[in-house]
Every structure is written in structure tokens, then in C-alpha cells.
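I opened this notebook to look up how two neighbouring parts of a chain meet. My entries follow in the order in which I checked things.

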Amino acid sequence: MKTNKNIKTLSEFKDEHYGKIGSAKRDKLEKGFEAFKLGALIHEARLEQGLTQEQLADKCGTNKAYISRVENNIKDVRISTLQKIVELGFGGQLQLSIKL
């Protein structure tokens with residue numbers, strides 16, 4: 001089987017283009033990804049439950065514009081508000097973890 005030497009893992013790509021883990025540029029990338037991931041998770045859960053942004057906002061006591069900004073990573077979300085979105089809006093349970 002012939003291998004393509006131009007193929008890189010995601011980690012190798014990030015090392016090459018953003019620096020090693022711990023560099024300022026790499027940390028900025030990783031932080032941005034985490035924000036994107038949270039917005040994408042909320043968006044996906046909302047669609048899975050068949051809710052509009054307005055319906056989700058009504059359920060958790062906020063407004064459509066706020067939900068849109070969170071889903072599009074324009075607005076940082078407080079943990080207490082995230083908990084309301086997950087518990088009141090989706091009927092779920094928020095679980096957080098810390099990796100060291």
C-alpha cells in the first residue's frame with residue numbers, strides 16, 4: 001500500500017501552522033475552537049428537539065438574539081445561563097468536567 005507523505009494529522013497541521021501546544025497562537029486557536037464547539041452543540045441540540053431559536057429563548061427566559069449570538073459564537077455564555085438553556089430549554093442536565 002502506497003502512503004501519501006503530504007497527509008498530516010490534525011495535531012501535526014496545528015503544530016505546523018499554529019505552533020506547539022502552549023504557544024500564544026495555538027492557545028488562541030484552541031480557545032476559539034472551544035467556543036465554536038459550545039455554540040455548535042447548542043445549535044445541534046436545538047435542531048434535534050425541533051425548536052426554533054425563539055422557542056428555545058422563551059423556554060429558558062432569554063431572547064432569540066441572545067440564542068443566535070451564542071450559537072454563532074458572538075456572545076460568551078455564563079455557566080448559569082448555559083445551565084438554564086440545557087435544563088429549562090432542552091430538559092437536560094448540564095455536566096462539566098476539568099481535564100488537567
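Entry 1. I looked up the buried residues of helix H3 and found Gln53, Leu56, Ala57 and Cys60, where buried means under 20% relative accessible area with a 1.4 Å probe and protein chains only, and where a helix is a DSSP run of H or I of at least four residues, numbered from the N terminus. Seen down the axis of H3, these buried residues fall within an arc of 100°, so they line one face of the helix; the arc is that of the directions from the helix axis to the C-beta atoms.

Entry 2. I noted that this is a predicted model, in which local features need pLDDT of at least 70 and side-chain atom pairs count only at pLDDT 80 or more, while totals for chains, interfaces and linings use all residues. Residues are numbered from 1 along each chain as its sequence is written, and side-chain values use heavy atoms, with hydrogens and water left out.

Entry 3. I then looked at how H3 (residues 53-60) meets H4 (residues 64-71), and their axes come within 8 Å and cross at roughly 110°. That makes H3 roughly perpendicular to H4, a term for angles of 65 to 115 degrees. On the H3 side the contact (heavy atoms within 4.5 Å) involves Gln53, Glu54, Leu56, Ala57 and Cys60, and on the H4 side Lys64, Ile67, Ser68 and Glu71.

Entry 4. I looked up Ile67, which is found in helix H4, and it counts as buried because its relative accessibility is 1%. Leaving out residues up to four places away in sequence, Ile67 touches Gln53, Leu56, Ala57, Cys60, Thr62 and Ile85.

How values were computed: Axes are lines fitted to C-alpha atoms, for helices over the stretch in contact, and angles run from 0 to 180 degrees between N-to-C directions. Helices (H or I, at least four residues) and strands (E, at least two) are DSSP runs, numbered from the N terminus. Angles under 35 degrees count as roughly parallel, over 145 as roughly antiparallel, 65 to 115 as roughly perpendicular and the rest as oblique. Buried means under 20% relative accessible area, exposed over 50%, partly exposed in between (1.4 Å probe, protein chains only).
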